[in-house]
Amino acid sequence: MTRRASRKKPMTTHVHLRDVIEDDLPIFFEHQLDPIATQMAAFPARDRQAFMAHWAKIMGDDTITLKTILFDGQVVGNIVSWEESGERDIGYWIGRVYWGRGIATQALSRFLDHVTVWPLSAHVAKHNLASRRVLEKCGFKISHEEGEEFILKLSANETDSAP
Ligand SMILES: CC(C)(COP(=O)(O)OP(=O)(O)OC[C@H]1O[C@@H](n2cnc3c(N)ncnc32)[C@H](O)[C@@H]1OP(=O)(O)O)[C@@H](O)C(=O)NCCC(=O)NCCS
């Protein structure tokens, strides 16, 4: 078996981003209900009313960039960038059945092509090794820690290491 053929998880190339539409929201809602995912992200699930109100608000905010992640044409998650305390932050969420296929890494890499405000920051729970790995594979580096989180950053001139 060749080295390539023996890879446990083939890197997918079927990941695309598009603008979020209302029909995506029930899918995102289900993704963020998953208790394993919420524990991983250290972020509590919202109930349907709070979730829909939050998304209506952020979809109407021009300062926030929101993209739906598609894998083989299916809605599998979202990736979002927003301004907080003078920083440009980024976050993403993938439905659990799609984990471990390189989707978040590809989605973040594609998202970086559209970023115009640098540097980007990401707040990651210290135990969220998968998310940290996604960020590091796209060139982010740990800047500092705040309580139970690592803060990773990426500047425009560091994006060459993105896959
Ligand atoms: C974190 C998350 C986005 C990762 O999505 P994904 O599509 O599975 O990520 P990828 O497949 O692109 O890459 C995951 C990487 O983490 C690694 N990984 C996964 N679980 C891991 C673990 N427990 N420890 C160490 N590395 C781990 C994978 O091996 C892979 O690295 P590799 O390609 O070097 O093997 C997804 O699990 C998720 O949405 N979680 C819930 C929400 C969340 O945590 N969002 C981020 C908030 S900062």
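In this predicted model, a polar backbone atom of G102 sits 2.8 Å from an oxygen atom of the ligand, a polar contact (a pair of N or O atoms within 3.5 Å). The protein covers 75% of the 970 Å² of accessible area that the ligand has on its own (Shrake-Rupley method, 1.4 Å probe). Local features need pLDDT of at least 70 and side-chain atom pairs 80 or more, while totals for chains, interfaces and linings use all residues. Residues are numbered from 1 along each chain, and side-chain values use heavy atoms, leaving out hydrogens and water.

Around the ligand there are 22 residues, each with a heavy atom within 4 Å of it. By class, 12 are nonpolar, 6 polar and 4 charged, with Gly counted as polar. The biggest share, 6 residues, comes from α5, a helix (a DSSP run of H or I, at least four residues) that spans 129-137.

What about α5 itself? Its residues S131, V134 and L135 are buried (under 20% relative accessible area, 1.4 Å probe, protein chains only). Seen down the helix axis, the buried residues of α5 fall within an arc of 95°, so they line one face; the arc is taken from the directions from the axis to the C-beta atoms. The face turned away from that buried side carries L129 and R133, which are exposed (over 50%).

Technical notes:
A polar contact is a pair of N or O atoms within 3.5 Å; within protein, one must be able to donate a hydrogen and the other to accept it, and residues adjacent in sequence count only if both atoms are side-chain atoms. Helices (H or I, at least four residues) and strands (E, at least two) are DSSP runs, numbered from the N terminus.
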